Amino acid sequence: LHMGKTMKEDLTVVVKYIKQLYPPEFSVFSTYAELYHNYFASQAKKNAESHLEDKDIYLLLSWVHKIYPKDMRKDHILAEELEKVKLGSLLPSGLIKELEKKYLDSEEATIKNSLSKCLDKEIQRWKEDKEPEKLNGHFQSELLGIFVIQSIYSGQKRAEDISAAVGEELSHRLSKELSAFLKSYKDAFEDFKEKSKKHRYYKPILIANINNCWNFRDYTEKNMAEKDDNKTSILSTLSDVENSGFDVLLQPLFAQLKPIYKKFTENKWDSSNEIMNEIIKTTSKHISDFRTLKDPFYHAIVEKIHTRLVKDYIVRLLKRKVSLKTPAQQQNLAQNISKNAADLEAFCTSNGSQATWLNSALPKLAEIIRLQDLGAIKIEVATLATTYPDIRKRHLEAFLYIKANLSRSELKSILGYLADSTASPVPGAPLFCNINVP
């Protein structure tokens, strides 16, 4: 700092007062600048070759890349004159590379160690008989969700302050570290999930861990380049943690709903409105527990519930338990399905489901039951297949068992509208492909 200040002040005096006292061919400014630079560079080299602490390496690199070339040599009084001198760097390029490697290795090791300690502390917290803290009504872990990202972010900022190239290299290394850290985190989470089911705060801890994923996801999507291989790996690990948590949270609800859904076919759909009310009432009790999830995850879990409620309803329709011979009977069932569909949609939408793609499935199936004209049925089937391209002949055949007044040729004609493929459905939200036909 003393050398830099002295050089800057002295060269300013040369520009302002001394230069004009000499003939131009003396190049007096160049002489001063080169002598000062050579002395400064020799001292920097001597320091660089001695044993340095991490903070000294950082400071020396800051001088080489930033303070000397940008703050001093770009000074508004000196810049024009220094441009003519071409002084070069404070240190030889080989020595700079050596210092950069030491700095990067040290910074990477420090942050890796910090993340590892953070995970150990978090695992310890899960074992304590304490409810996770809440922020804005959502369970969270400040340690994991905030500290880890702050460690990585501040490390990257420090490196970028040295130079863009050093910042980019550390950024790549730390994205690799974050990917490895999250895999360890996922393993620890799975371990807790399996072994701690009797923990007093089991569910809140699961929710806090799902919520943790949001900060990691947000940071990764905003700060990592698409070409970074680790980005895909990180987002995939986060999805695994989220979905694994969702599955455990939803298990009790789905187990409770299973016997209720069976009542539809047991009662031949006669009391379907009462059964749907029971499904909604049961689901409603569980949904209130999920309000402590952060909004994106709350919407995701409600969408999973919405999908499951519609899917399980369709499963009951495909059970071949009801075969109706008269149009009046079919009309009555179609009305019941339409009413159930409307109630289900209203319930899920009022609880925040954004899965509007599900809303036409049951009404379209009700319409196929209601219609009696062969041409109209075919049009409705074609529309259904366009909206839900993963529906297959086996699904439609099981469903059309309900319409007992269709002749064999009529049934064959309708089924001809669907692909016979059992291949994977086209990309998009699947509904029918996960439904097995008995």
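Modeller: A helix here is a DSSP run of H or I at least four residues long, numbered from the N terminus. The model is a predicted one. The part I pick is Tyr202, which sits in helix α8 (residues 202-223). Tyr202 has a relative accessibility of 11%, and because buried means under 20%, Tyr202 counts as buried. Beyond the residues up to four places away in sequence, Tyr202 touches Phe192, Lys193, Ser196, Lys197 and Val248. Glu107 gives a sense of distance: 95 residues separate Glu107 from Tyr202 in sequence, and their C-alpha atoms are 36 Å apart in space.

From there, the next stop is the nonpolar core. The largest such core holds 132 residues, and Leu178, Ile314 and Phe399 touch the most other members. Helix α9 (residues 229-266) supplies the largest share of this core, with 14 residues. In soluble globular proteins, nonpolar side chains tend to be buried together. Setting aside neighbours within four places in sequence, Leu178 is in contact with Val148, Ile152, Phe216, Tyr219, Thr220, Met224 and Ile234.

Trp269 counts as buried, because its relative accessibility is 3%. Its phi is positive, about 65 degrees, although Trp269 is not a glycine. Most residues other than glycine have a negative phi. Trp269 is also one of the contacts of Asn336, along with Ser272, Asn273 and Tyr313, when neighbours of Asn336 within four places in sequence are left out. Asn336 belongs to helix α12 (residues 327-350). Its relative accessible area is 15%, so Asn336 is buried.

Two other loop residues are partly exposed. Ser27 lies in the loop between α1 (2-18) and α2 (28-48). Its phi, about 45 degrees, is positive although Ser27 is not a glycine, and its relative accessible area of 37% makes Ser27 partly exposed. Ala404 is in the loop between α15 (393-400) and α16 (408-415). With a relative accessible area of 31%, Ala404 is partly exposed. Apart from neighbours within four places in sequence, Ala404 is in contact with Ser323, Leu324, Lys325 and Gln330. Thr326 is 78 residues from Ala404 in sequence, yet the C-alpha atoms of the two are 8.0 Å apart.

As for the whole, the protein chain has 16 helices and 2 strands. Its radius of gyration is 34 Å, well over the 22 Å that the globule rule gives for 438 residues, so the chain is more spread out than a compact globule. Along the principal axes, its C-alpha atoms fill a box of roughly 115 × 55 × 30 Å. Of the 438 residues, 46% are buried. Among contacts with a separation of 6 or more, 78% join residues 24 or more positions apart. The accessible surface is about 22,800 Å², and 51% of that surface belongs to carbon and sulfur atoms. The chain carries 65 positive and 59 negative side chains, with the centres of the two sets 7 Å apart.

Methods: Residues numbered from 1 in each chain as written. Predicted model: local features only at pLDDT ≥ 70, side-chain atom pairs only at ≥ 80, totals over all residues. Heavy atoms only, no water. Rg over C-alpha atoms; globule rule 2.2 N^0.38 Å. Buried < 20%, exposed > 50% of the residue type's maximum accessible area, 1.4 Å probe, protein only. Contact = heavy atoms within 4.5 Å. Areas by Shrake-Rupley, 256 points an atom, 1.4 Å probe, with all protein chains shown as cover. Lys, Arg positive; Asp, Glu negative; His and termini not counted. Charge placed at Lys NZ, Arg CZ, Asp CG, Glu CD. Core = buried A, V, L, I, M, F, W, Y, C linked by side-chain atoms within 4.5 Å.
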